[in-house]
Amino acid sequence: MTRRTAEPVTDGRRARGLRRRAEIIEATLRVVQRDGAGGVTHRTVAREADVPTSLTAYYFATLDDLLVAALSTVADEYTRQLHEIIEGDGDDLDGLAALVASAGGEGRKRALAERELSTMAARRPALRPVARRWRDVVARIGARHSADPRAVDALVAATDGLCADILLTDARPDVRRIRAVLAHSLRTDED
């Protein structure tokens, strides 16, 4: 008698659950973009996602769980883009400058949501590790250009400050200027 190997069973309920969870996270980000992080409650997110409030509480028992998931989604995307910059063939400071500049264009709403959630991390310890995630990858870029930890810290601070500045103005970001500031923060001889 030959034994048949069981084929993997796709659990449709699990897939639907993962999809529903992602929809709730996206709804949370839309609420943050529209109303700020202070506007996030299980009820407002449920309304935005067009689901019962009990469902948001089922997937995210606490508000911190919901906020961590939302911030993680944004941080994961920035981290993915930063890793592409590091692993790419181009100049990583050019790539970083372009990513920073994107906060003034199509990426403005996401950048604003990330900024809002990161600021909230100062008061909510559960958000802090996630809020630091993209900064740690920027530090890796800095370490590729300088062995001086102060210069690496300056690059992280410059990146963060430039993002904030872009969100505070309506002017179109100048990628060359951003790159020059980043290079200057590393104390390189580049223009």
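Q: Is H5 mostly covered or mostly exposed, and how many of its residues are buried?
A: In this predicted model, H5 is mostly covered, with eight of its 10 residues buried.

Q: Which residues of H5 are the buried ones?
A: They are Asp92, Leu93, Gly95, Leu96, Ala97, Leu99, Val100 and Ala101.

Q: And what covers the buried residues of H5?
A: The covering elements include H4, H7, H8 and H9. In H9, for example, one finds Val175, which touches Ala97, Ala98 and Ala101 once residues up to four places away in sequence are set aside.

Q: How far is Val175 from Val130?
A: The two are 45 residues apart along the chain, and their C-alpha atoms are separated by 27 Å.

Q: Stepping back, how many helices and strands does the protein have?
A: There are nine helices and zero strands. Along the sequence this reads as α-α-α-α-α-α-α-α-α.

Q: What box do the C-alpha atoms fill?
A: Taken along the principal axes, the box is roughly 70 × 55 × 30 Å.

Q: What share of the residues in the protein is buried?
A: Of the 191 residues, 41% are buried. As for contacts between residues at least 6 apart in sequence, 66% join residues at least 24 apart.

Q: How many residues does the largest nonpolar core have?
A: This core has 55 residues. Those with the most contacts inside it are Leu82, Leu96, Leu117, Ile141, Leu155, Ile178 and Leu182.

Q: Which helices each supply at least two residues of this core?
A: The contributors are helix H1 (12-35), helix H2 (42-49), H4, H5, H6, helix H7 (128-145), H8 and helix H9 (175-185). H4 gives the most, with 11 residues.

Q: Why would nonpolar side chains be buried together?
A: As a general matter, nonpolar side chains tend to be buried together in soluble globular proteins.

Q: Take Leu117, then. What is it in contact with?
A: Apart from neighbours within four places in sequence, Leu117 contacts Leu29, Val32, Ala37, Leu67, Ala70, Leu71 and Leu127.

Q: New topic: how many cavities of 30 Å³ or more does a search of the whole structure find?
A: The search finds one. About 160 Å³ of space lies in the largest cavity.

Q: What lines the largest cavity?
A: Its lining has 14 residues, and Tyr78, Leu99, Glu114, Trp134 and Cys163 lie nearest the centre. Leu99 also belongs to the buried residues of H5.

Q: How do the lining residues divide into nonpolar, polar and charged?
A: The lining comprises 10 nonpolar, two polar and two charged residues.

Q: Which helices each supply at least two residues of the lining?
A: They are helix H4 (63-87), helix H5 (92-101), helix H6 (108-120) and helix H8 (149-168).

Q: What does Ala103 touch?
A: Not counting residues up to four places away in sequence, Ala103 touches Arg108, Ala111, Ile166 and Leu167. From Ala103 to Asp165, the C-alpha to C-alpha distance is 9.7 Å, although they are 62 residues apart in sequence.

Q: Now H2. Which residues of H2 are buried, and what do they pack against?
A: The buried residues of H2 are His42, Thr44, Val45, Ala46 and Ala49. They pack against H1, helix H3 (53-59) and H4.

Q: What follows H2?
A: Asp50 follows H2, in the loop between H2 and H3. Phi of Asp50 is near 60°, a positive value in a residue other than glycine. Asp50 is exposed, with a relative accessible area of 69%.

Q: Finally, how many aromatic pairs are there?
A: The count comes to one. The pair is Tyr58 with Tyr59, edge-to-face, at 5.0 Å centre to centre and 85° between the planes.

Note on methods: Residues are numbered from 1 along each chain as its sequence is written. This is a predicted model: local features need pLDDT of at least 70, side-chain atom pairs count only at pLDDT 80 or more; totals for chains, interfaces and linings use all residues. Side-chain values use heavy atoms; hydrogens and water are left out. On a 1 Å grid over the protein atoms alone, a cavity is a set of points where a 1.4 Å probe fits but cannot get out, and a pocket is an open set with protein on both sides within 12 Å along at least five of seven lines; lining residues have an atom within 4 Å of a point. Grid points are joined across faces, edges and corners, and a volume is the space filled by probe spheres set on the points. Helices (H or I, at least four residues) and strands (E, at least two) are DSSP runs, numbered from the N terminus. Ala, Val, Leu, Ile, Met, Phe, Trp, Tyr, Cys and Pro count as nonpolar, Asp, Glu, Lys and Arg as charged, and the others, Gly among them, as polar. A nonpolar core is a set of buried Ala, Val, Leu, Ile, Met, Phe, Trp, Tyr and Cys residues joined through side-chain atoms within 4.5 Å. Buried means under 20% relative accessible area, exposed over 50%, partly exposed in between (1.4 Å probe, protein chains only). Contact means heavy atoms within 4.5 Å. Rings of Phe, Tyr and Trp (its six-membered ring) pair if their centres lie within 6.5 Å; planes under 30 degrees apart count as stacked, over 60 as edge-to-face and the rest as tilted.
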